[in-house]
Structures are given as C-alpha cells and as structure tokens.
Amino acid sequence: TMRGTLGAFIQSCLLLLVRADQWRLKDSANCELNRKQTDLNSFLWTIKRDPPSYFYGTIHVPYTRVWDFIPENSKQAFQESNIVYFELDLTDPYTISALTSCQLLPQGENLQDVLPRDIYRRLKRHLEYVKLMMPSWMTPDQRGKGLYADYLFNAIAGNWERKRPVWVMLMVNSLTEADIKTRGVPVLDLYLAQEAERMRKRTGAVEKVEEQCHPLNGLNFSQVIFALNQTLLQQESLRAGSLQVPYTTEDLIRHYNCGDLNSIIFNHDTSQVPNFNNVTLPPSEQVTAQEIDSYFRQELIYKRNERMGKRVKALLEENPDKSFFFAFGAGWC
C-alpha cells in the first residue's frame, strides 16, 4: 500500500539527530489540550507578499489524531492557497515505484548473502515474532475496515530478503505494536495531499525520490551493520521487557497538539530510529555512532534544507501572483 511503502521512507527522512533529554520531554508535554480554537498554537508561518504564501509543519501520524487541534487559520490557509507543495509527490505512482527500486539490493543479491550470519539469524527470528504477534496488536477498528494481519505484515515486510540492510533497519523499527495500531488511516501529510487533489488544487514536490533516498544508501557497510545490530538489540530488549522506550508516538502527538515546536525539533518524530550515539557504548562504537549522526545531519538536514530553500524561492519568484501552501515535516522548519 502507499501508506506502507511511504511510511518507512518518510519516517527515515525525519531523522532528527539531536535527541531531547528524557525529563525535558516529559515536562513539556503538560499542556491543556481542551483549549479554545483561538488559543491553539499553530505550525503555520506566513510569507508576507500579495497574495500571501504559507509554510506548514506536518507530522507523520494518523491525521485523525491531530486534526481537531490544528487551528482554523491553518486550515483556511490551506483552502485558500492556489498551489500546494509537499516534500515528495505523494499521489504519483512513480514515487512508489522509485522508492521500491531504491530500497532493493542489486539484482541477484539477497540479504542472506550480505549480512553476517548471526545478524541475519536474529533478524529472521525477530520478524517471525512480529508476524506471530501482529494479530493481537491490531485494533477492532482496523479489523472492521477489513485490515488483516497477514496482509499488513506483507505490505510492510514483504520482500524483506531483497531489501538493502539500511531499509531493513528502518522497517524493523516500524514493526512495533504502537506503529501497527496506527495503520489504515492516512498520515497528516498524505491526507493533505489527498485533500488537495480532491479540491483540484495544483500540487507539486520540491524533491525527487532519489534525493531523499540516496543519502540513506550512502552509509558504508560497517555503519549499516552497526545500525542494524543496535536496532535489533533494542527490539530484543523490548521483547524481553528489559527496556522501556523513553518516548512514544503518544508523547509526540501530545507535543504537536500542544504546539511545542522545540520538542518536535529535538525529538525524533516517528522515525523510531534508535539513538545510536549512546553513552553506554564502548569508545570505538561511539565513534561509529557519531559518524552516522554527523553524516545524516549533513545530508538530511543541512544540504537538504539548502536545496529545498532554493527551490521554494524559485517557485515564489516564478509565480508572484499565486498563493502557495508548502507542507513539510515540522522537524525541518
């Protein structure tokens, strides 16, 4: 499905690499969620020109969880804009096929051929566990919509033996009980894309799939194996009950609904990628973790922001009489 294919990818592109302090995260979530519409914090920025254009910070969770907390001024800006631009063109079938091919190993290679035997064996064991547990993770609402556990597992993890290890790592992190329970409802950015199409607005994207995808494929082999091993260790600890996740999707939704931009920036959104830069690691592994963080920060934040900024500027200059609504992940703002 589009949601299944895009989910892991867009999540991976929200790798925000400065992590929030756990206690600060808890403290900043104590806002009142029953405020009047006029009191709600907004993730909308206005570009002052005539007509005005807008930046809106989205979040990669089911739109139903945040829609009621999005202020009317943001919804009105979306409705009044002539053109809506996203990071990627979420409604273009090419986006899906390009994502799929970007995630695959070279022709003729399988994961079993490239991974160390122990990691491959642990990965297979974990996926078997997920497949076994998935029916009990699903909600009555999902079953009512005709979603079946086998179908969902195959939509997310099908063909995993042919995927590059970095994408398998991201896939493993999206195969959690909390994530499975959110499947079946469009995430906010996809919902806005569908609404824009329904309202017959002109839509577009500021990035190509390859520009988002290739940086992830650019990690070297030892870095990818380190990341996959850390991911499996975390999931195995969660299964054993010896680890509790310090933040959840629920925390993230609460921050977003409270309009708490700082915690969106310093949290890691729903990418669910473990914080590899962990003080408990041996010094040599800390170096690898720092290299990964530094690489992603450079490729997926600094270079990407500059590229996107230039394209936004060009679009505004080429269309001085049009009102744009740019909907990008809040973490990039």
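Which residue with a positive phi follows H14? In this predicted model, H14 is followed by glycine 259, whose phi is positive, near 70 degrees. Residues are numbered from 1 along each chain as its sequence is written. Because the model is predicted, local features need pLDDT of at least 70 and side-chain atom pairs count only at pLDDT 80 or more, while totals for chains, interfaces and linings use all residues; side-chain values use heavy atoms, with hydrogens and water left out.

Buried denotes under 20% relative accessible area, exposed over 50%, and partly exposed the range in between, with a 1.4 Å probe and protein chains only. The buried residues of H14 are Thr249, Asp251, Leu252, Ile253, His255, Tyr256 and Asn257.

Glutamine 103 lies in helix H4 (residues 93-103). Glutamine 103 is classed as buried because its relative accessible area is 6%. The side chains of glutamine 103 and lysine 163 are joined by a polar contact of 2.9 Å. Such a contact is a pair of N or O atoms within 3.5 Å; within protein, one must be able to donate a hydrogen and the other to accept it, and residues adjacent in sequence count only if both atoms are side-chain atoms. A separation of 9.4 Å lies between the C-alpha atoms of glutamine 103 and leucine 216, which are 113 residues apart along the chain.

Leucine 216 also takes part in the packing of H12 on H16. The axes of H12 (residues 209-217) and H16 (residues 283-318) come within 10 Å and cross at roughly 165 degrees. Axes are lines fitted to C-alpha atoms, for helices over the stretch in contact, and angles run from 0 to 180 degrees between N-to-C directions. H12 and H16 are therefore roughly antiparallel to each other, a class for angles over 145 degrees, against under 35 for roughly parallel, 65 to 115 for roughly perpendicular and oblique for the rest. In H12, Glu211, Gln212, Pro215 and Leu216 make the contact (heavy atoms within 4.5 Å) with Tyr295, Phe296, Glu299, Leu300, Arg304, Arg307 and Arg311 of H16.

The axes of H6 (residues 117-137) and H8 (residues 149-157) come within 9 Å and cross at roughly 145 degrees. Leu127, Val130, Lys131, Met134 and Pro135 of H6 meet Ala149, Asp150, Leu152 and Phe153 of H8.

Terms used. Helix = DSSP H or I, 4+ residues; strand = E, 2+ residues; numbered from the N terminus.
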